[in-house]
Amino acid sequence: MDNNKDMFLTMVHKPEMVKICNMVDSFLWNETNDMLACIADGKLNTWFYPNAVYVDKDLMGKAMSSKDASDVGKLAHMTAFTGNLVNVRRLDGARATLGISPYPKMLYEHVDKADFEKAIRICRFVKESTLWACLAAMSIYCRELNTVEIALAAIDEADKVQYINYVKELPSEPSRNAALAVYCKKVNEAENILMQARLYYRAIKLNIKLYRWEKALDIAVNNKTHIDTVIAYR
């Protein structure tokens, strides 16, 4: 959080600042999982799976809740975030407790055990789009494509479901990993995966689809393959 009370999210090993909220009074990570909560502009905002910002930014916005917290007043300070309860100290020293949905915590427990069947069952029981979005982001990160497909379909992301079906039909593990990296908008990482697996044609085709003609031609020339393909597409 900076001096303007804007809150940013970044990875420790790969700094990439992403602004997620402004007018923040206080924030806190959950003690047992990756949930992040903050008090901002009289509201309690909770991101159930903040890592979604590096997986799919659209899901980041959908996998969060925002509820009124005007009772705690301005400049309130969060002292603890355990389970689904947030303890807050108000400016006058009085303490208050705010609650969030208990289901994301249960979802974390099942995903940590790689029990995606139970995770899907919880989402179907609760019938909340925020929970489905959370499961979708978690499943993409875990490369659990069948669960991703079910979760995205539940929140009417038809185009993304279609892309996940395309990924599932790819013949090799490196090509699937590269396609998922493209989904996460990590194009250079996708290209590196394909090059390390010596899938030069797919690497060339990836750059052609993104109109990176010089890069596609460099790969073709350096590996003495499919130069005619690049010229034909160009």
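**View 1. The largest pocket of this predicted model has a volume of about 370 Å³.** A pocket here is an open set of points on a 1 Å grid over the protein atoms alone, where a 1.4 Å probe fits and where protein lies on both sides within 12 Å along at least five of seven lines. The volume is the space filled by probe spheres set on those points, which are joined across faces, edges and corners. Rolling a probe the size of a water molecule over the atoms shows where empty space is left. Which residues lie nearest the centre of the largest pocket? They are Met 11, Tyr 49, Asn 51, Tyr 54 and Tyr 141, out of 19 lining residues, where lining means having an atom within 4 Å of a point. Helix 4 (129-142) and helix 7 (173-183) are the elements that give two or more residues to this lining. Helices (H or I, at least four residues) and strands (E, at least two) are DSSP runs, numbered from the N terminus. The lining divides into twelve nonpolar, three polar and four charged residues. In this count, Ala, Val, Leu, Ile, Met, Phe, Trp, Tyr, Cys and Pro are nonpolar, Asp, Glu, Lys and Arg are charged, and the others, Gly among them, are polar.

**A note for all views.** This is a predicted model, so local features need pLDDT of at least 70 and side-chain atom pairs count only at pLDDT 80 or more, while totals for chains, interfaces and linings use all residues. Residues are numbered from 1 along each chain as its sequence is written, and side-chain values use heavy atoms, with hydrogens and water left out.

**View 2. Leu 217, Val 221, Ile 227 and Ile 231 form a nonpolar patch on the surface.** Together they have about 320 Å² of accessible area, found by the Shrake-Rupley method with a 1.4 Å probe. Patch residues have over 30% relative accessible area and no salt bridge, and nonpolar side chains (Val, Leu, Ile, Met, Phe, Trp, Tyr) are joined within 5 Å. Helix 10 (213-222) and helix 11 (227-233) each supply at least two residues of the patch. Take a look at Ile 227 in helix 11: this residue is partly exposed, at 32% relative accessible area. Buried means under 20%, exposed over 50%, and partly exposed in between (1.4 Å probe, protein chains only).

**View 3. Lys 19 and Asp 6 meet in a salt bridge, 3.6 Å from N to O.** Lys 19 lies in strand 2 (residues 18-21) and Asp 6 in the segment before strand 1 (7-9), so the pair ties together parts that are 13 residues apart in sequence. A salt bridge is a side-chain nitrogen of Lys or Arg within 4 Å of a carboxyl oxygen of Asp or Glu, and the structure holds twelve of them. Is Asp 6 buried or exposed? Asp 6 counts as buried, at 14% relative accessibility, whereas Lys 19 is partly exposed at 47%.

**View 4. Lys 168 and Glu 149 form a salt bridge, with their closest N and O atoms 2.5 Å apart.** This pair links distant parts of the chain, 19 residues apart: Lys 168 is in helix 6 (residues 158-168) and Glu 149 in helix 5 (residues 145-154). Lys 168 is partly exposed at 31% relative accessible area, and Glu 149 is partly exposed at 21%. Salt bridges that share partners also join Asp 56, Asp 58 and Lys 160 into one network.

Key. Patches are made of residues with over 30% relative accessible area and no salt bridge: like charges are joined within 9 Å, nonpolar side chains (Val, Leu, Ile, Met, Phe, Trp, Tyr) within 5 Å.
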